Amino acid sequence: MTSAAVPPAPVGDPPRRRGRPIGEWTLAGLLLLPNLVLLVVFTYRPLIDNVRLSFTSWNISAPVAHYIGTANYVRWWHDPNSHQVLINTVVFTVATVGVSMVLGLALAMLLDQKLRGRNIVRSVLFAPFVISGAAVGIAFQFVFDPNFGLIRDLAQRVGVTVPDFYQQPHWALFMVTVTYIWKNLGYTFVIYLAALQGRRADLDEAAEIDGASPWRRFTKVLLPQLRPTTYFLSITVLLNSVQVFDIINVMTRGGPQGYGTATMVYQVYKETFVNSQAGYGATIATIMFVFLLVVTLVQVRLMDRGRQT
Amino acid sequence: MTDMTRRGLLTAAGGIAVAGGLAACAGTGGSTSTNSGSSGGGGGGNSSQIEFWSNHPAMSKATEQKLIAGFEKKNPSLKVKLVDAGKNYEEVGQKFNAALGGGNQPDVVVVSDVTWFNFALNKRLADVAALLAANGLSSSDYVDSLYADYNFQGSEHYALPYSRSTPLFYYNKDVWKKAGLPDRGPKDWDEFTSWCPALQKALGSGKAPIILDDGSDYLDWTFQCIAWSYGGGYSDKWTPTFSEAGTVKAGQVLQGWAKKKYLKTSADSQSDFSAGLGAVLLESTGDISGIQKDGKFGLGVAFVPAPNGIKTCPTGGAGLAIPQGISDARKKNAIKFIEFMTNAQSTITFSQATGYMPVRKSALDDSAEKAYLAKNPEYALAVTQLPKTRPQAYARVFVPGGGARIGQALDKIVAGSDVTSTFKELDASTTAAYNTQVKPLLKA
């Protein structure tokens with residue numbers, strides 16, 4: 001009796017199915033199309049146009065723009081105003097991101113406790129975030145006014161002289177930074193509060209039973225749990241801070257002394273609309289885009305690494 | 001083939017994106033259109049409605065509405081839409097720039113001494129001299145120097161004078177009296193400097209003998225008087241003269257006031273002066289009515305100080321212009337409207353409401369206006385200054401960004417930067433801006 005030929009046993013994993021049916025891709029494409037069209041028309045096309053204009057000497061009132069190669073980039077590199085603006089941008093961004101995240105976390109931890117009236121305080125803290133930047137800027141002009149301002153009045157009562165916040169560039173930058181932090185603190189506070197309310201309380205209790213000090217529980221138990229939130233906030237707060245315009249425009253118009261409080265976004269506006277040099281403004285916008293892209297990519301990479309560890 | 005891999009899809013999407021990018025970049029060689037309208041298109045709008053973009057100089061909205069009502073009554077087939085186009089001349093200019101890109105242009109727009117030239121240079125404004133002539137209207141009654149301000153070469157004029165001003169020397173008579181000073185303006189700035197200690201004592205601490213706009217406002221305009229009074233200036237035609245002796249001397253005087261706390265610069269100098277924070281304000285004639293209303297002290301008005309009796313000051317303010325990009329029918333309506341808004345009766349109404357100068361010769365000869373000026377000598381001063389005015393420096397009004405550039409340098413000088421080196425840098429940056437943005441566009 002001859003045995004029937006037995007097919008050889010399969011070796012290794014079965015062959016993987018390559019790709020999905022084209023019908024699924026078509027459906028996905030159709031569903032994504034409306035958003036993609038909007039993104040292309042209102043985001044990517046202007047972005048590409050901006051890069052194109054950055055290589056021209058376009059006067060904003062002119063119907064044509066002349067190609068000048070990389071001259072605008074060379075000019076930006078050597079322009080002393082650009083150096084000051086870059087420093088302003090870095091100082092403003094680091095200060096606003098750092099201070100608002102630290103204060104936001106501290107307030108969130110405080111108001112995560114069972115305190116009387118905490119809901120009212122939470123609302124009060126979040127309220128400035130939904131007020132327009134222009135309105136906040138106008139209100140804070142009365143706070144920092146060198147003649148009639150609240151700060152001057154309070155300082156005078158205790159015999160302290162206050163500087164003229166509007167005439168000295170470093171004090172002016174301090175003024176707009178404080179104003180921005182006050183307005184946006186509610187955002188970091190609310191996000192951190194939500195993260196705190198979703199954390200694992202049992203880990204903290206276990207650490208407490210094991211005799212860990214409050215500081216050790218904060219650094220070794222709480223902060224690691226908040227790491228995704230911290231990364232998320234660092235990216236969103238940074239992107240918002242770098243793009244601030246309204247408060248600076250209302251309070252100082254980028255001054256004193258021309259560029260005393262101007263950040264890169266304000267410089268884009270000033271070169272484009274005040275000095276009429278839209279080509280040069282586009283150059284600064286492109287540089288800012290690249291700068292933000294690199295910083296964001298680094299943050300995302302760090303976030304990924306944090307998840308893996 | 002019925003399946004597509006993820007990699008295949010991404011490759012296809014990437015290809016489309018790159019192709020789209022390349023298509024968007026097409027045309028960058030040489031010169032490229034910015035899609036900001038042509039010179040002869042319709043520019044939106046219609047020929048039965050005149051859209052008038054204004055910042056309502058010196059809070060003149062009610063006056064403008066009153067004048068517009070008069071125009072509509074006289075021209076029942078035309079309606080005028082008054083648009084709030086910004087809170088100052090610069091904002092109106094920015095809105096107009098946006099309209100040039102978007103294609104929905106106004107029929108009539110307020111253009112300032114600083115903003116009109118860039119539009120004209122880039123062929124965005126119609127020649128109003130030609131439009132007046134083509135529509136049987138005359139320019140001969142406009143005050144010659146004010147009409148000439150909107151011409152830079154050839155016979156073209158790009159605006160007609162509307163809210164025109166000069167700087168005035170405003171002083172607080174109460175402080176003057178307390179300081180024991182004669183009730184008049186100083187003969188020159190050196191005399192004013194010698195009065196500063198007495199003024200400072202009369203004012204008390206925390207206040208300043210003189211308040212000027214800061215560099216983000218109109219310090220570049222008012223400082224021009226001081227520079228001229230010391231024999232300096234911003235430029236000789238297109239050649240900057242900031243680092244010449246007279247201008248440097250004026251800069252040193254400005255810095256000296258700041259160092260001794262005689263000077264306070266402000267983004268809202270009119271309000272600060274009205275609130276009694278200073279004894280002197282150098283500001284536009286257009287601010288008279290506001291200061292009279294807000295100030296709780298006796299207001300003195302004098303000619304800007306000048307040495308050796310050589311009195312001169314710049315004109316300022318704004319005119320009315322017509323976009324080149326609108327239809328001929330709309331231009332015809334627009335020139336008719338501007339002619340009405342600036343005719344003798346309208347300019348009398350406007351100047352009495354605001355403090356701006358009448359822009360018509362016949363208005364200055366009008367008996368009712370003469371009686372009004374005799375009764376209100378502070379308003380008359382602007383008119384008496386008119387024959388002594390000088391055209392503004394090209395470096396401020398014709399070089400794009402000139403006012404902001406000069407203001408920034410003056411702010412630095414007030415803060416203590418070396419005057420000579422700051423002005424040398426200003427010479428260089430002004431020349432660079434002229435060479436790249438103006439020179440290539442000027443006719444040979």
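Two strands are said to pair if DSSP finds at least two bridges between them. Phe52(B) has Val108(B) in β5(B) as its bridge partner.

**Conventions**

The model is predicted, so local features need pLDDT of at least 70 and side-chain atom pairs count only at pLDDT 80 or more, while totals for chains, interfaces and linings use all residues. Residues are numbered from 1 along each chain as its sequence is written, and chains are lettered from A and ligands numbered from 1 in the order in which they are written.

**Stop 1: chain B as a whole**

Select chain B, which holds 20 helices and 16 strands. Of its 444 residues, 51% count as buried; a residue is buried if 20 or more other C-beta atoms lie within 10 Å of its own, exposed if 12 or fewer, and partly exposed in between, with C-beta atoms placed from the backbone. Two residues are in contact if their C-beta atoms, placed from the backbone, lie within 7 Å. Among the contacts in chain B with a separation of 6 or more, 75% come from residues 24 or more positions apart.

**Stop 2: two domains**

Colour domain 1 of chain B (49–164 + 316–365) and domain 2 of chain B (167–314 + 391–441) separately; the bounds come from an automatic or database domain assignment. Their centres, taken over C-alpha atoms, are 28 Å apart. Domain 1 of chain B gives 17 residues to the contact and domain 2 of chain B gives 18 residues. On the side of domain 1 of chain B that touches domain 2 of chain B, the elements giving two or more residues are α4 (116–121) and β15 (316–321) of chain B. The most, 3 residues, comes from α4(B). That side of domain 1 of chain B divides into 9 nonpolar, 6 polar and 2 charged residues. In this division Ala, Val, Leu, Ile, Met, Phe, Trp, Tyr, Cys and Pro count as nonpolar, Asp, Glu, Lys and Arg as charged, and the others, Gly among them, as polar.

**Stop 3**

Axes are lines fitted to C-alpha atoms, for helices over the stretch in contact, and angles run from 0 to 180 degrees between N-to-C directions.

**Stop 4: the sheet with β12**

Now select a second open sheet of 5 strands, ordered β11-β8-β12-β7-β13 (chain B), again with mixed pairing. The edge strands β11 (263–266) and β13 (299–302) of chain B each have a single partner strand, so one side of each is left without a neighbour in the sheet. From one strand to the next the twist averages 25°.

Focus on strand β12 (residues 278–284) of chain B: 7 of its 7 residues are buried, so this strand is largely enclosed by the rest of the structure. Strand β7 (residues 167–172) of chain B pairs with β12(B) in the antiparallel sense over 5 bridges, and Phe169(B) stands opposite Leu282(B). Phe169(B) also has Ala302(B) in β13(B) as a bridge partner; β7(B) and β13(B) are antiparallel, with 4 bridges. Strand β8 (residues 208–213) of chain B pairs with β12(B) in the parallel sense over 3 bridges, with Ala208(B) partnered by Gly278(B).

Then show helix α9 (residues 219–229) of chain B, which lies across β7, β8, β11 and β12 of chain B and runs at about 125° to β8(B).

**Stop 5: Gly180**

Select Gly180(B), in the loop between α7 (173–178) and α8 (189–203) of chain B. Gly180(B) is exposed, with 10 other C-beta atoms within 10 Å.

**Stop 6: confidence**

Finally, colour by pLDDT, the predictor's confidence in each residue, from 0 to 100. Chain B has a mean pLDDT of 88, and 89% of its residues reach 70 or more. Over residues 9–30 of chain B the pLDDT is below 50. Where pLDDT is low, the predicted coordinates should not be read in detail.
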